[in-house]
Amino acid sequence: MTLNGEATVEIRTPASAALIPTIRAVASDLAARADFDLDAIADLRMAVDEACATLVDIAAPSAILRCVFLVHHERIEVHAEVQTGR
């Protein structure tokens, strides 16, 4: 993975609220390494936290939370998904 151009980072964890801080920390680290300013890093952390918390709430028992970070020069895209119990 290089952060000079584009990079993809994928994380898979059990869909548990206890693991959201780990995912949030990865998002923050990726943004810091890509030279985003402190406000952008804080915004990304908050967005990732809220998205993951929402997904964990609707996750099926023993579901996997999958987060993919697409790091571009000017932005980071986050795609998150979980199998629901519905």
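V48 is in contact (heavy atoms within 4.5 Å) with I23, R24, A27, F69 and V78, leaving aside its neighbours within four places in sequence. The model is predicted: local features need pLDDT of at least 70, side-chain atom pairs count only at pLDDT 80 or more, and totals for chains, interfaces and linings use all residues. Residues are numbered from 1 along each chain as its sequence is written, and side-chain values use heavy atoms, with hydrogens and water left out.

**The chain as a whole**

The chain has two helices and three strands, and along the sequence they follow the pattern β-α-α-β-β. Helices (H or I, at least four residues) and strands (E, at least two) are DSSP runs, numbered from the N terminus. Along its principal axes the C-alpha trace spans about 40 × 25 × 15 Å.

Of the 86 residues, 34% count as buried. Buried means under 20% relative accessible area, exposed over 50%, and partly exposed in between (1.4 Å probe, protein chains only). Among contacts between residues at least 6 apart in sequence, 65% join residues at least 24 apart.

**Helix α2**

V48 is one of the buried residues of α2, together with I41, L44, C52, L55 and V56. Seen down the axis of α2, the buried residues fall within an arc of 100°, so they line one face of the helix. The arc is that of the directions from the helix axis to the C-beta atoms. These buried residues pack against α1 (20–33), β2 (64–71) and β3 (76–81). The face turned away from the buried side carries the exposed residues D39, D43 and D57.

Helix α2 covers residues 38–58 and has 21 residues. From its first C-alpha to its last it reaches 31 Å, close to the 30 Å expected at 1.5 Å a residue. The expected span of a helix is 1.5 Å times one less than its number of residues.

At the N-terminal end, α2 is capped by D37, with a side-chain oxygen 3.2 Å from the backbone nitrogen of D39. The cut-off for a polar contact is a pair of N or O atoms within 3.5 Å; within protein, one must be able to donate a hydrogen and the other to accept it, and residues adjacent in sequence count only if both atoms are side-chain atoms. D39 itself lies in α2. The C-alpha atoms of D39 and V71 are separated by 17 Å, and the two residues are 32 apart along the chain.

**Helix α1**

The 14 residues of α1 should span 20 Å at 1.5 Å a residue, and the end C-alpha atoms are 20 Å apart, which agrees. In α1, the residues I20, I23, A27, S28, L30 and A31 are buried. They fall within an arc of 160° seen down the axis of α1, so they line one face of the helix. What covers them includes β1, α2, β2 and β3.

**The core**

The largest nonpolar core has 24 residues, and those with the most contacts inside it are I23, V48, C52, L65, F69 and I76. The elements that give two or more residues to this core are β1 (7–14), α1, α2 and β2. Helix α2 gives the most, with six residues. A nonpolar core is a set of buried Ala, Val, Leu, Ile, Met, Phe, Trp, Tyr and Cys residues joined through side-chain atoms within 4.5 Å. In soluble globular proteins, nonpolar side chains tend to be buried together.

T13 is found in strand β1. Not counting residues up to four places away in sequence, T13 touches L19, I23, A63, I64 and L65.

| Residue | Relative accessible area | Class |
|---|---|---|
| T13 | 11% | buried |
| D35 | 69% | exposed |
| D39 | 59% | exposed |
| S62 | 77% | exposed |

**Two positive phi values**

Most residues other than glycine have a negative phi. D35 has a positive phi of about 65° although it is not a glycine, and D35 lies in the loop between α1 and α2. S62, in the loop between α2 and β2, is also not a glycine and has a positive phi near 60°.
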